[in-house]
Amino acid sequence: MRRPSQQQPILSEQVLLSIAEQLKTPFLQISHRAELMALAERHHTDQSNPVLADLHEIQTTSDTAIRLLDNYLFGARLALEEQYQLQLEPVSVSSVLYDTGQQLDAMAKLYGVELELSLNGKFGPVMANRSGLQSALVSLGYTLIEALPSLEARHSRLQLAAHRCRYGIVAGLYSDAEQLTVEALRQGRKLQGHARQPLSMLSPGSGAGVFVADAILQAMDSELKVSRHHRLYGLGAVLRPNQQIQLV
Amino acid sequence: MHILLVEPDKLLARSECQALEQAGHSVMVAATAQVAIQAADERRPDIVLLELQLVSHSGIEFLYEFRSYSDWQSIPVVALTQVPPAEFSGSAELLKHELGVVAYHYKPRTSLTKICRIVNEHPLLSDIPNIVSVS
């Protein structure tokens with residue numbers, strides 16, 4: 001058997017992408033079986049049956065894994081095609097944050113994290129790619145939801161919020177976890193791909209969601225920044241307002 | 001209602017089939033395009049749920065053959081597929097206008113309950129009686 005050279009690693013990025021693609025099928029199988037069993041249980045027992053709660057949890061976890069894989073695939077493909085840029089369009093920040101909240105809601109409940117939507121003030125449209133921005137915020141959200149209980153934050157609360165800054169509008173996720181610092185993010189970016197736990201102050205795992213968000217935002221000419229929202233700490237996407245539509 | 005489910009994955013096919021049967025439909029499962037054509041020939045389906053990623057002949061090839069028979073031209077076909085929205089959009093026009101795909105659903109994010117709802121509530125199927133809904 002020929003041994004692969006240094007230039008041809010055994011598991012290339014493309015193979016990892018294929019594995020990620022293929023992993024969605026077993027997760028979907030688990031999700032479907034759990035749903036089917038829950039449907040059958042509902043016919044025989046009352047809603048308070050603990051089995052129903054377990055089945056719901058299994059389904060939510062599997063569906064979350066599928067979304068994570070989808071977002072990973074999206075971000076990884078963008079990162080591999082360095083020149084690739086997502087097409088920008090006028091996007092409503094409020095509506096993206098609302099939809100992000102909807103997608104994160106089930107997982108937040110599982111982890112006992114209280115999810116809040118804070119949209120004080122009017123924000124005009126920004127230039128972004130809607131599905132890209134949403135994937136980035138959802139990826140970020142998964143990592144933070146997983147991380148918050150392990151940080152022993154005062155309150156396991158995550159706020160989806162937007163505010164104006166001197167560069168435009170920042171849309172992001174905020175909590176009272178002080179570990180979300182500029183230094184932690186800078187260090188994480190440096191260690192990503194080299195360390196098992198690049199965001200060691202923040203996430204007990206690989207913190208992949210943060211880097212996926214990074215890659216997606218870069219492909220839409222935006223960036224992920226550490227930011228503050230009132231007294232909370234968080235990570236957000238810096239977005240340019242769409243001046244043309246605001247004039248109209 | 002009689003459903004032709006074209007699904008190459010055995011386990012997914014089993015759950016989808018069970019859910020649709022529990023909702024009161026009869027289901028014929030086909031893993032390949034060729035078996036799907038034979039199944040439709042044996043009994044005309046009221047609706048086809050189609051995975052586009054099939055072994056050997058793709059879902060698009062299946063549709064070209066399926067639509068070439070005049071009897072089957074009006075049968076609604078719903079794409080229930082692993083092909084993500086961004087990739088599907090490239091073929092959306094062809095599938096919709098030339099091959100009569102009436103709806104697209106990204107399978108990894110479509111629950112069994114939603115699959116039953118798609119079948120039960122599709123406007124082209126609203127005049128077909130005896131539909132049991134799954135909540």
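Among contacts in chain A between residues at least 6 apart in sequence, what percentage join residues at least 24 apart?

1. Contacts within chain A. The share is 75%, counted among contacts between residues at least 6 apart in sequence. Two residues are in contact if their C-beta atoms, placed from the backbone, lie within 7 Å.

2. Basis of the model. This is a predicted model, in which local features need pLDDT of at least 70 and side-chain atom pairs count only at pLDDT 80 or more, while totals for chains, interfaces and linings use all residues. Residues are numbered from 1 along each chain as its sequence is written, and chains are lettered from A and ligands numbered from 1 in the order in which they are written.

3. Overall form of chain A. The radius of gyration of chain A is 20 Å, which agrees with the value near 18 Å that a compact globule of 248 residues would have. That radius is taken over C-alpha atoms, and the globule rule is 2.2 Å times the number of residues to the power 0.38. Along the principal axes, the C-alpha atoms of chain A fill a box of roughly 60 × 60 × 40 Å. Of the 248 residues, 40% count as buried (20 or more other C-beta atoms within 10 Å of the residue's own; exposed means 12 or fewer, partly exposed in between, with C-beta atoms placed from the backbone).

4. Secondary structure of chain A. Seven helices and seven strands are assigned in chain A, and along the sequence they follow the pattern α-α-β-α-β-β-α-β-β-α-α-β-β-α. Helices (H or I, at least four residues) and strands (E, at least two) are DSSP runs, numbered from the N terminus.

5. Domains of chain A. Chain A is divided into domain 1 (13-80) and domain 2 (89-247); the bounds come from an automatic or database domain assignment. The C-alpha centres of the two domains of chain A lie 23 Å apart. Contacts between them involve 11 residues of domain 1 of chain A and 13 residues of domain 2 of chain A. The domain 1 side of chain A that touches domain 2 divides into five nonpolar, four polar and two charged residues. Here Ala, Val, Leu, Ile, Met, Phe, Trp, Tyr, Cys and Pro count as nonpolar, Asp, Glu, Lys and Arg as charged, and the others, Gly among them, as polar.

6. Interface between the chains. In this interface, 15 residues of chain B are in contact with 11 residues of chain A. On the chain B side, the elements that give two or more residues are α1 (10-22) and α6 (112-121) of chain B. Of these, α1(B) gives the most, with six residues. The chain B side that touches chain A divides into seven nonpolar, five polar and three charged residues.

7. A:Gln29. This residue lies in helix α1 (residues 13-44) of chain A. A:Gln29 has 17 other C-beta atoms within 10 Å and is therefore partly exposed. Leaving aside neighbours within four places in sequence, A:Gln29 is in contact with B:Leu11 and B:Leu12. The C-alpha atoms of A:Gln29 and A:Thr45, 16 residues apart along the chain, are separated by 24 Å.

8. Sheet of chain B. Five strands of chain B form an open sheet in the order β2-β1-β3-β4-β5, with parallel pairing; two strands pair if DSSP finds at least two bridges between them. The edge strands, each pairing on one side only, are β2 (26-30) and β5 (101-106) of chain B. From one strand to the next the twist averages 20°. Axes are lines fitted to C-alpha atoms, for helices over the stretch in contact, and angles run from 0 to 180 degrees between N-to-C directions.

9. Strands β1 and β2 of chain B. Strand β1 (residues 2-6) of chain B pairs with β2(B) in the parallel sense over five bridges. B:Leu5 stands opposite B:Val29 in β2(B). Helix α1(B) packs on the sheet and touches β1 and β2 of chain B, its direction making about 165° with that of β2(B).
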